[in-house]
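Here is my note on the model you sent.

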Amino acid sequence: MRTPFVAGNWKMHKTVEEARLLVSEMLDGLQAVAGVEKVLCPPFTGLLPVAAMLAGTDIGLGAQNMHWEEEGAFTGEVSPRMVAEFAQFVILGHSERRAYFGETDETVNKKVHAAFKHNLTPIVCVGETLEEREAGQTEAVIRRQVEGGLAGLTSEQVASLVLAYEPVWAIGTGKAATPEEANRVVKDVIRGTLAALFGEETAQAVRVLYGGSVKPHNAAEFFAQPDIDGALVGGASLKADQFVAIAQAAADTAG
Ligand code: PGA
């Protein structure tokens, strides 16, 4: 059995003061949700204050990106050692990083290896653009992203990481994929690729999330799908009541 997993990707939102307010609004509600792994991913400047508020709770903390080098002359970058001071998770290869900041399967792969070196659990994002989908390339794109992003890992490492299927056209658009279609991609393409590369047992052990316009009103339908183990939530993770409701839906559906 895979433990459900719900992560909030705050993206480039929330100052320290705003972050503290948001966490204080959701802390009790989130802690009351049992049987679900819950993770908050504020921007870098929010990691320290949010870590302080989450100490002693069952809520995990993640970064949204990092460099793969330990330290050095990389102006503007944050290293895995720095992230690991506060966080247990790191989102890698988000489509916004791929689209706006030149991330490739190769750089994602370096970051994934660096995450394991520093005991961070990567949340690796994959997903096709609308153009790729319309050209019938969904499967090929996702297979390439999974193969490239996870190259050189052991089966044990793969089993312990988290993948997020986020069709790019569904992110921040209010247009979610249908739960059945998302499940088909997760089952046939993502788990299928994992099985071919790392074995069926590993493919069944990996938690795979859906992301892209997950809201309280549609979350349960995704969580009811057999191959979807949770959600990576953007916009709705910035609203305390909505994020708690989504985490609760994961608990209820898994229950
Ligand atoms: P969204 O973002 O929930 O706002 O669509 C999801 C994500 O990009 O992780």
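How much accessible surface does the chain have, and what share of that surface belongs to carbon and sulfur atoms? The accessible surface comes to about 11200 Å², and carbon and sulfur atoms hold 52% of that surface. Areas come from the Shrake-Rupley method with a 1.4 Å probe, and for residues only the protein chains shown count as cover.

1. Basis. This is a predicted model: local features need pLDDT of at least 70, side-chain atom pairs count only at pLDDT 80 or more, and totals for chains, interfaces and linings use all residues. Residues are numbered from 1 along each chain as its sequence is written, and side-chain values use heavy atoms, without hydrogens or water.

2. Overall form. The chain has 12 helices and eight strands. Helices (H or I, at least four residues) and strands (E, at least two) are DSSP runs, numbered from the N terminus. The C-alpha trace spans about 45 × 45 × 35 Å along its principal axes.

3. Of the 255 residues, 53% are buried. Buried means under 20% relative accessible area, exposed over 50%, and partly exposed in between (1.4 Å probe, protein chains only). Among contacts with a separation of 6 or more, 72% join residues 24 or more positions apart. A contact means heavy atoms within 4.5 Å.

4. Largest pocket. Its volume is about 460 Å³. A pocket is an open set of points on a 1 Å grid over the protein atoms alone, where a 1.4 Å probe fits, with protein on both sides within 12 Å along at least five of seven lines; lining residues have an atom within 4 Å of a point. Grid points are joined across faces, edges and corners, and the volume is the space filled by probe spheres set on the points. The lining has 20 residues, and Lys-11, Met-12, Gln-64, Arg-97 and Phe-101 lie nearest the centre. Helix H4 (residues 95-100) gives the largest share of the lining, three residues.

5. Two positive phi values. Asn-119 is not a glycine, yet its phi is about 60 degrees. Asn-119 sits in the loop between helix H5 (105-117) and strand S5 (121-126), and it is exposed, at 69% relative accessible area. Ser-213 also has a positive phi, near 60 degrees. Ser-213 is in the loop between strand S7 (207-211) and helix H11 (216-223), but is buried at 10%.

6. Ile-246. This residue is in helix H12 (residues 240-254). Its relative accessible area is 0%, so Ile-246 is buried. Beyond four places in sequence, Ile-246 touches Val-6, Val-214, Lys-215, Pro-216, Ala-219, Phe-223, Val-233 and Ala-236. Val-214 is 32 residues away along the chain, with 8.1 Å between the two C-alpha atoms.

7. Ala-203 lies in helix H10 (residues 200-205) and is buried, at 0%. Leaving out neighbours within four places, Ala-203 contacts Arg-191, Leu-194 and Ala-195. Thr-138 is in helix H7 (residues 138-149). At 8% relative accessibility, Thr-138 counts as buried.
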